[in-house]
Amino acid sequence: MSVSFPLWFLERLRRAHHVVALTGAGISAESGVPTFREAQTGLWARYDPTELATPEAFLRDPALVWRWYAWRRGLIAQASPNPGHRALAGFEDVFPKVTVLTQNVDGLHTQAGSTRVVELHGNIHRNLCFREGAPVPPGAERPGEPPTCPRCGDYVRPGVVWFGEMLPTAVLQAAHQAAAECEVFFSIGTSSVVEPAASLPLFARDKGALVVEINPAATPLTPHADLSLRGPAGHILPALLAALTTP
Ligand code: NAD
């Protein structure tokens, strides 16, 4: 599939000093990590992820939520970065500053070589104490049950931000600073419905950035974007990198 880009867009992009990419589950879909909107499979098909990824669900049934995360950790452990992640990492050879703001918890941007990554929703490979929120190093696990915190004895939870929870202040500040500073803001593979991430492109646009969406489907951001590039990130981002690097 060949991809072409409007000339005005390439010219404006080439002049950018700071490029920001907000990414969502769609960029990792081509690595085999299912998005939340895709049907859950196997044993988990009857559960709604938005009802498992909450503090209330964990309090109600810690073992169930822990097992679901163990399954997702297993899927993510088998995944590796795809051409979309790698092209975004390649942007660092083209622009003086590139910031990736990701809603993904899979760590695939860092694995691909991106060096300035703000993990808005945490990282599934980390563990936190449920009561104190402090990091807990990996330790002995009891099969099917959350481990307990060696300090306070409460349950250990995955190091991700659940629905209904606030993002850490420092993380949100870093995201707003990047959005305010950049000249071009990409929104890639996100349905643009989960706040506060969904508002970041609008904030960037208010501060003067060009907003570009990359997604095979329209989203609530589409009418507000300066340009919508329809298609999978794994095709469009490598084509864009090639357009920027070929004279
Ligand atoms: P989402 O599931 O709501 O939306 C995914 C979006 O990606 C959709 O708009 C879809 O059209 C688009 N898409 C699908 N395939 C694509 C492709 N190949 N290229 C580009 N776009 C593609 O995901 P979201 O917006 O990230 O928000 C839901 C929440 O799910 C977030 O909080 C996130 O933390 C969490 N989540 C993370 C992962 C992960 O870490 N990989 C996986 C699932 C869910």
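**The largest pocket and its surroundings**

Reply: Helix 2 gives the most to the lining of the largest pocket, with five residues. (Helices are DSSP runs of H or I with at least four residues, strands are E runs with at least two, and both are numbered from the N terminus.) The model is predicted, so local features need pLDDT of at least 70 and side-chain atom pairs pLDDT 80 or more, while totals for chains, interfaces and linings use all residues. Numbering runs from 1 along each chain as its sequence is written, and side-chain values rest on heavy atoms, with hydrogens and water left out.

The largest pocket has a volume of about 830 Å³. (On a 1 Å grid over the protein atoms alone, a pocket is an open set of points with protein on both sides within 12 Å along at least five of seven lines; a cavity is a set where a 1.4 Å probe fits but cannot get out; lining residues have an atom within 4 Å of a point. Points join across faces, edges and corners, and volume is the space filled by probe spheres set on them.) Its lining comprises 44 residues, and those nearest the centre are G24, A25, F36, Q103 and N104. Two elements give two or more residues to this lining: helix 2 (25-29) and helix 5 (62-78). Sorted by class, the lining holds 24 nonpolar, 14 polar and six charged residues. (Nonpolar means Ala, Val, Leu, Ile, Met, Phe, Trp, Tyr, Cys and Pro; charged means Asp, Glu, Lys and Arg; the others, Gly among them, are polar.)

Around the ligand are 25 residues, with Q103, V105, D106, T190 and S191 coming nearest; a residue counts as near if one of its heavy atoms lies within 4 Å. Helix 2 makes the biggest contribution to this shell, with three residues. The shell divides into ten nonpolar, eleven polar and four charged residues.

Now for the polar contacts, which are pairs of N or O atoms within 3.5 Å. An N or O atom in the side chain of E30 is 2.8 Å from a nitrogen atom of the ligand. N215 places a polar side-chain atom 2.8 Å from a ligand oxygen atom. A233 takes part through its backbone, with an N or O atom 2.9 Å from a nitrogen atom of the ligand.

N104 and D106 come up again at a cavity, where the lining is made of T102, N104, D106, G107, L108, H109, V117 and E119. Helix 7 (108-112) and strand 3 (117-119) each give two or more residues to that lining. The whole structure has one cavity of 30 Å³ or more, and the largest cavity has a volume of about 30 Å³. The lining has two nonpolar, four polar and two charged residues.

Finally, look at the loop between strand 6 (184-188) and helix 9 (200-206), where P196 lies. A cis peptide bond joins E195 and P196, with omega about 5 degrees. S192 has its place in the loop between strand 6 and helix 9, and its phi is positive at about 55 degrees, although S192 is not a glycine. Most residues other than glycine have a negative phi, and most peptide bonds are trans.

Definitions and conventions
Polar contact = N/O pair within 3.5 Å; in protein donor to acceptor, adjacent residues only side chain to side chain.
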